[in-house]
Amino acid sequence: MATLYPSLEDMKGHQVLQAQAAAGVRTPATTVATEKPKLTSATTVSTEKPKLTSGSEPPVLYPNLAELENYMGLALSSEEIQKNLGTEDSTALTPVGPSPGQLVAPLSGHSAGLRRAEIKPGVREIHLCKDERGKTGLQLKNVDQGIFVQLVKANSPAALVGLRFGDQVLQIDGKNCAGWSSDKAQRALKKANPEKIVMVVRDRPFQRTVTVHKDSTGHVGIVVKKGKIVSLAKDSSAARNGLLTHHCICEVNGQNVIGMKDKQLMEVLAGAGNVVTLTIIPTVIYEHMVKRLSSGLVKSSMDHSIPDL
């Protein structure tokens, strides 16, 4: 099994680090960005490049990545790389390298957004209740003989237990949901015990996550219209890491952005840090999942809170 990386930039960075570590290279710290890109308008990220200052600290164990800085337009910090790899991951820089299947992230590091956006394999059991009005805050939809979460209302019991748009519901109170209609699924919720509804759920099977890195101008390289990726910038991190057009953005660093206006979505992206994990879904599937769902309801009610780790 090959070593895994959150992004292509992490893979290239690790390869450079490994090669230089094997050769016994020790170099001074890289330049460090002293300013973050600023949002100049509702939808435009500042094109002013961050001011860079040469690292003044003594040489560190991990060599610099000026090669990648020039190649990929990234503003890199040797201190941050050292922190991301850490002493516990020192095997990542040995000639032998990390163990197969180990996730190595010299640039993405221990990104909170990466962890919040994780789509876990397998199934899990959750216990849901109803609020004082007898509501769960959950709307379900039949897609291809399965039942999926179509809407999670903000501050609802469904939001509190961590259900998300696109999660597949396999069972409700011990009853298999395969083949149910949307109406039958909603009736099952309505009839369920208000104090405890046992559900078995699979994380978002139609969705996938892609981790990208902002360049020195604060861009990842996508053009978004009505929540859909319509264009990719050539040689951008988005293009390098396999983002595709005709896909909708469901989450930014694990935060649901469905129903947001493009202006709001760009503001979330601008404030997401230099490492951004996007959760995407093919537009054709997304449109099927939100069919007959009021756009006004999505905009006014969808849970946009930042998930707990």
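Helix 4 (112-116) and helix 5 (157-160) each supply at least two residues to the lining of the second largest pocket, where helices (H or I, at least four residues) and strands (E, at least two) are DSSP runs numbered from the N terminus. This is a predicted model, in which local features need pLDDT of at least 70 and side-chain atom pairs count only at pLDDT 80 or more, while totals for chains, interfaces and linings use all residues. Residues are numbered from 1 along each chain as its sequence is written, and side-chain values use heavy atoms, with hydrogens and water left out.

The lining of this second largest pocket comprises 27 residues, of which Val161, Gly162, Arg164, Pro307 and Asp308 lie nearest its centre. A pocket here is an open set of points on a 1 Å grid over the protein atoms alone, where a 1.4 Å probe fits, with protein on both sides within 12 Å along at least five of seven lines, and lining residues have an atom within 4 Å of a point.

Serine 156 is placed in the loop between strand 5 (146-152) and helix 5. Serine 156 counts as buried because its relative accessibility is 5%, the cut-offs being under 20% for buried, over 50% for exposed and partly exposed in between (1.4 Å probe, protein chains only). Not counting residues up to four places away in sequence, serine 156 touches Thr136 and Gly137, contact meaning heavy atoms within 4.5 Å.

Histidine 246, located in the loop between helix 7 (237-240) and strand 12 (247-252), is exposed, with a relative accessible area of 62%. The C-alpha atoms of histidine 246 and proline 282 are separated by 6.3 Å, although the two are 36 residues apart along the chain.
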